[in-house]
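Please look over the structure below.

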Amino acid sequence: MDEISNNLNRLKNLLPILLDTHPILTCEKVEYKTDTGVCTGFNLFNTDKVAVQNVFIPKNMKFADHQHSLIDEYLIVYIGKLDIYFNDVFVTTLIAGNRIHIPQNNKHFIIAQEDTSVIKVTISSNGEYLK
């Protein structure tokens, strides 16, 4: 085996140890169903105040208008293109490397213009984040 393969195997063997010693780290699958399809991903980190997810959003998928009364949401695009709307008004198109903060109580929806992968961070304003 070459050095890279050895390092990957070593890291793979450490993952159960990390999950045992850091119970807030998780690999739980998440799924969001909309009228235009399903997107999937997994939780990377989840506590009462903060959650971090890696989410794949298929091309042309639209999340319906919604808002979060107690949660600030941050989206970081690392692959693809995502249109963001606030209160039914186009705000911006995010491409790889772009990010946006969606404040609590801000009505919003998104549309994936391409297959898109995002890191989604949600922060509870009162520590009551719903897991």
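The points below are grouped by topic.

This is a predicted model: local features need pLDDT of at least 70, side-chain atom pairs count only at pLDDT 80 or more, and totals for chains, interfaces and linings use all residues. Residues are numbered from 1 along each chain as its sequence is written, and side-chain values use heavy atoms, with hydrogens and water left out.

**The open sheet**

- Four strands form an open sheet in the order β4-β9-β6-β7, with antiparallel pairing. Strands here are DSSP runs (E, at least two residues), numbered from the N terminus. Two strands pair if DSSP finds at least two bridges between them.
- The edges belong to β4 (62-66) and β7 (89-95). Each has a single partner strand, so one side of each has no neighbour in the sheet.
- From one strand to the next, the twist averages 15 degrees. Such angles run from 0 to 180 degrees between N-to-C directions, and the axes are lines fitted to C-alpha atoms.
- Six bridges join β6 (residues 81-86) to β7 in the antiparallel sense. L82 has L94 in β7 as its bridge partner.
- In general, strands of a sheet pair through backbone hydrogen bonds, either parallel or antiparallel.

**Strands β5 and β8**

- Strand β5 (residues 71-79) pairs with β8 in the antiparallel sense, over four bridges. E73 stands opposite I102 in β8.
- Side chains alternate along β8 (residues 99-102). I100 and I102 point to one face and are buried.
- Buried means under 20% relative accessible area, exposed means over 50%, and partly exposed lies in between (1.4 Å probe, protein chains only).

**Salt bridges**

- How many salt bridges are there by the rule used here? The count comes to four. The rule asks for a side-chain nitrogen of Lys or Arg within 4 Å of a carboxyl oxygen of Asp or Glu.
- Side chains of opposite charge can pair when their charged atoms come close.
- K29, E31 and K33 are linked in a network of salt bridges. The closest N and O atoms of K29 and E31 are 3.7 Å apart. For K33 and E31, that distance is 3.8 Å.
- K29 is exposed, at 61% relative accessibility. K33 is exposed too, with a relative accessible area of 65%. E31 is partly exposed, at 41%.
- K120 forms a salt bridge with E73, and their closest N and O atoms are 3.6 Å apart. K120 lies in strand β10 (residues 116-124) and E73 in β5, so the pair ties together parts that are 47 residues apart in sequence.
- Are K120 and E73 buried or exposed? K120 counts as buried, at 14% relative accessibility. E73 counts as buried, at 5%.

**T92 up close**

- T92 sits in strand β7. Its relative accessibility is 26%, so T92 counts as partly exposed.
- T92 touches L82, D83, I84 and I100, leaving out residues up to four places away in sequence. Contact means heavy atoms within 4.5 Å.
- T92 and L82 are ten residues apart in sequence. In space they are 8.4 Å apart, C-alpha to C-alpha.
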